[in-house]
Amino acid sequence: MADRVQYRLERMLKELDDLEERKIFTRSELEEIVEKRRRFEYRLERPSPLKKDFVAYIEFETQLDSLRRLRKLRNNERKKSVSDFAGVRRIIDLYDRVTVRFKGDIELWFRYLEFCRARKNGRIKEVLAKVIRFHPKVPGVWIYAAAWEFDHNLNVTAARAIMQHGLRECPTSEDLWVEYLRMELTYLNKLKARKVALGEDKGTLVGHHIDAEEKQWREDNKELFMSIDEEKVNDDGSDVENKELGTNVDLFKEQGSNILKTIYSGAVKALSSSFGLRKRFFEILEVIDLAHLEDVQKEILTDMKRDFSTDPEYWDWLARHEMSNSGSTHKKSDDIELSRVQKAIQVYEEALQIAPSAMMFKLYTNFLKDFISPAKGENEISDSSEHLAKYISHLLMVYEKAEVVDCLTEDLACEYVSFYLQQGQVDEARGLAGKLCAGKISNSVKLWLLRVSIEIRSVTRNAPSPTKADLLKVFELLESVMKKVPLSEAESLWIMALKLFAVDKHYFDKLVEMSFLLVARDGGSDIGFCVSSVIVNFVVQKDGIQNAREIYKRFLTLPRPGLVLYKDCIELEMNLASVGDKDCLTNARKLFESALTTYQQNVSLWRDYYSMETKLGTSETATAIYWRARKILKDAAAVITQDLP
């Protein structure tokens, strides 16, 4: 190993002498560079060198070569010498070594390619061949290779061959199909632009779309516009000189249309179930100008409806597409906006007839809510009072329809109720929540939580403090749902109930008694939410530590009280013991011992016990805990040495 490292370092002598002679680096700097290179080389000569060592070495050499070029520029030196090439050669050698060892790391290969492209050292073609050989199933490799041939090597034939080869290797890659189409259309557009530059044709394949308002303005003010080449026109507006030429088909547009149809058919055949691919093809169509463009768009839309009529994503996309492309030029802007919304609503209604589903209703309601309460920066409907009420009514009708056809999920139900609250209709929200909680989604914790919050809001709306009758009603509601829902899912309900009844001893005690029954039924928690621990913390703040001890002792007598309760009670006693209460230290030790009877293999519990004895106990008690843990824990030599201080 030392011989190989020394050999590599000796090969740097000419380069180092040249750097010193040209005063780019001082001798002390060169000594430091050699020392760093020696350390890197020894790391790479290990039996199993790490990828990060190669990357760090490459990064060091890259920064060093950048510094060399800056200092050479400062010295105003233009003559080339050995040091101008040595750094790049060394970096290339490092990339070769690391890619040989880590052939499967595609990120390294792309870094290598980017380095070769940036330095223009002529090796990129060789590296691309290696990447393709090792990673023929990675679409990005083919795209990169074709882009290099097309953009930098200006070899369209080679780029086309690479893309076609890539499509044979990765026929299910959406990116490859889309980029292949972009490349072909870009090449065709370049040919078209070249012909325009030579004065043989007009326009390009890139479409210039203007909105309805701009079209109308241009129509009203057409006398302000004059053709650049001052073509003569007839009274009917037709071109006199080029009328005959205008009837000829633009060969470039025709060719582009044929290319698109060919690639589209191949892509659909390879990825018949990909809606995203069709959508991306359609987006390309919207920004280019091809022959028979409308026919091609209609064909794609027809194919999409045939293949994705049961996909909610398709209908949502179609509705928003129809909305963005509908509207007439002779109407006011507000009317145009409203007609677009109506067009989209028709699409959603058709979708509900063909493929009703919870997701379809979700997308439909989201669309309507965007217009009722638009996000910041979005357009609102100007004529708000009449039209807003219309869309609010329509949204409620959609929610009702979802309930009727049994597509009302938990999230949709909560949105349904919340929408009434957003409109300030608390009584309607209250009645709806009660009806839904008694229906098919009666086990929804989110819905019950929403219902309880509405009830609390209702009883406190007209008076600062609820009456006894109101409290009884809310408590009975909470009691009914808490007994249905498992403790692990009812965290929000319990916290809401404890906060509401914290100042009412009668109902708070009832909640505590109910919690004993439910913990006995479901057991405590070892992680996450633990109702018994929450109640103990409430009692500490409300009634003091003595009452809290009585409560947690009762919980600990139940079967499976849970590790969370043990840890929280231990922390409570330790906090008090840290201020000098020795009884609390005794209680904490009892809690540890009680917890260890059930969780004796829990390393963190032993670690906490040892830590407490180290801080609050004596060295003898801490040592005793340490040796007990080593005897009881499995694989103690590996775990305890690492985890215990």
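User: How are helices and strands defined here?

Analyst: Helices are DSSP runs of H or I with at least four residues, strands are runs of E with at least two, and both are numbered from the N terminus. By that rule the protein chain has 32 helices and zero strands. This is a predicted model, where local features need pLDDT of at least 70 and side-chain atom pairs count only at pLDDT 80 or more, while totals for chains, interfaces and linings use all residues. Residues are numbered from 1 along each chain as its sequence is written, and side-chain values use heavy atoms, with hydrogens and water left out.

User: What share of the 645 residues is buried?

Analyst: Start with the cut-offs. Buried means under 20% relative accessible area, exposed means over 50%, and partly exposed lies in between (1.4 Å probe, protein chains only). In the protein chain, 42% of the 645 residues are buried.

User: How do I read contacts along the sequence?

Analyst: Contact means heavy atoms within 4.5 Å. Take the contacts in the protein chain between residues at least 6 apart in sequence: 61% of them join residues at least 24 apart.

User: Now a single residue. Is Tyr348 buried or exposed?

Analyst: Tyr348 is buried, at a relative accessible area of 0%. Helix H17 (residues 333–354) holds Tyr348. Leave out residues up to four places away in sequence, and Tyr348 touches Asp316, Ala319, Arg320, Met360, Leu363, Tyr364 and Phe367. Tyr364 sits 16 residues from Tyr348 along the chain, with 6.4 Å between their C-alpha atoms.

User: Which residues does Arg97 contact?

Analyst: Set aside neighbours within four places in sequence. Arg97 then contacts Arg8, Glu41, Leu44, Glu45 and Phe54. Arg97 belongs to helix H5 (residues 83–101). Its relative accessible area is 17%, so Arg97 counts as buried.

User: And where is Leu67?

Analyst: Leu67 lies in helix H4 (residues 51–74). It is partly exposed, at 34% relative accessibility. Leu67 and Phe25 are 42 residues apart along the chain, and their C-alpha atoms are separated by 9.7 Å.

User: What is the hand of the crossing of H14 and H16?

Analyst: A crossing is left-handed if the near helix is turned anticlockwise from the far one by less than a right angle, and right-handed if clockwise. H14 and H16 cross right-handed. Phe275, Lys279 and Phe282 of H14 make the contact with Glu313, Tyr314, Trp317 and His321 of H16.

User: How are those residues sorted by class?

Analyst: Ala, Val, Leu, Ile, Met, Phe, Trp, Tyr, Cys and Pro count as nonpolar, Asp, Glu, Lys and Arg as charged, and the others, Gly among them, as polar. The contact of H14 with H16 has four nonpolar, one polar and two charged residues.

User: What angle do H6 and H7 make?

Analyst: Helix H6 (residues 106–119) and helix H7 (residues 124–134) pack at about 165°, with axes 9 Å apart. H6 is therefore roughly antiparallel to H7. Their crossing is left-handed. From H6, Ile106, Trp109, Tyr112, Leu113, Cys116 and Arg117 meet Ile124, Val127, Leu128, Lys130, Val131 and Phe134 in H7. That contact divides into 10 nonpolar, no polar and two charged residues.

Technical notes:
Axes are lines fitted to C-alpha atoms, for helices over the stretch in contact, and angles run from 0 to 180 degrees between N-to-C directions. Angles under 35 degrees count as roughly parallel, over 145 as roughly antiparallel, 65 to 115 as roughly perpendicular and the rest as oblique.
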